[in-house]
Amino acid sequence: MKKKLALICCILSCILVMAGCSFSLVKTNENFDEKTLKENTDSFVQSWFEYDFEGAVTDYAGQLDDETMKQYKESGQLRDKYGKYDKKDSDSLTITTDTATVTETVLTDSGKKLVFSVTYDEDGNTVSWNVEEYKSKGQIMGKAGLNTVMSMAIVFLVLIFIAVIIAQFKYIGGVQNKKKEEAPVIEPVPAEPVAEPVEEEDLTDDLELVAVITAAIAAASENECTDGLIIRSIIRK
């Protein structure tokens, strides 16, 4: 138990030290004065409503990068849609160790609101800005809920589609089996027997052999006459 308490105390001490360091860095930066930054933001917002974005896009078409050109075009469209500056509705300041951002909500003469976010560096210079339509918490929640419903619907549709495809596998297998059954069976044609070549007997040596055998038989039988002697076959062993 004591070890756990000691560990918790160490963690809290580290968090407090880090927060203290961050606070001291922010506090020592004189350029992050809240009043000054908000006044600079007010001036920026009012000049935004007076700036000729359409003319800048035309005059500096070859000098501005694509991101700046897009930002200028969108700003001109927002100003034409919402009208002129009426009054500031609210503002807030967010400070980090190296930047400060002022978020200001402005009411226009059309009764609608725009939200400006201006970021400053350590020297108090403007490094970036952004303008967007004001959305209430209800609108944000409604859009988030709509996105959630659409995402879930897409997931269910994909699952249903996959289930339908899997269900068709049995029909695909049946069609393939049916095609196999309807396919004609080709019986193999027996090959014609190849006639073995008949070797012609060379009778030259046989005649000589017959003569020798005949003479041998005549000598053995003491009958030198071979007129009545007929050799019908010779079997080699």
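Start by selecting Phe 49 and Phe 116: both are buried, meaning under 20% relative accessible area, where over 50% is exposed and in between is partly exposed (1.4 Å probe, protein chains only). Bear in mind that this is a predicted model, where local features need pLDDT of at least 70, side-chain atom pairs count only at pLDDT 80 or more, and totals for chains, interfaces and linings use all residues. Residues are numbered from 1 along each chain as its sequence is written, and side-chain values use heavy atoms, with hydrogens and water left out.

Now look at the two rings. Rings of Phe, Tyr and Trp (its six-membered ring) pair if their centres lie within 6.5 Å; planes under 30 degrees apart are stacked, over 60 edge-to-face, and the rest tilted. The centres of Phe 49 and Phe 116 are 6.0 Å apart with planes at 50 degrees, so this pair is tilted. Phe 49 sits in helix 2 and Phe 116 in strand 3, so the pair ties together parts 67 residues apart in sequence. (Helices, H or I with at least four residues, and strands, E with at least two, are DSSP runs numbered from the N terminus.)

Next, pick Tyr 51 and Phe 53. Their pair is edge-to-face, at 5.0 Å centre to centre and 65 degrees between the planes.

Time for the core. A nonpolar core is a set of buried Ala, Val, Leu, Ile, Met, Phe, Trp, Tyr and Cys residues joined through side-chain atoms within 4.5 Å. The largest one has 22 residues, and Trp 48, Phe 49 and Trp 129 are among those with the most contacts inside it. Helix 2 (34–50) gives the largest share, 5 residues.

Now show the strands. Two strands pair if DSSP finds at least two bridges between them. Here 4 strands form an open antiparallel sheet in the order 1-2-3-4. At its edges are strand 1 (85–95) and strand 4 (126–133), each pairing on one side only. Between strand 2 (residues 100–108) and strand 3 (residues 113–120) there are 8 bridges. Select Thr 103, and you'll find Ser 117 of strand 3 opposite.

Finally, zoom out: the protein has 7 helices and 4 strands.
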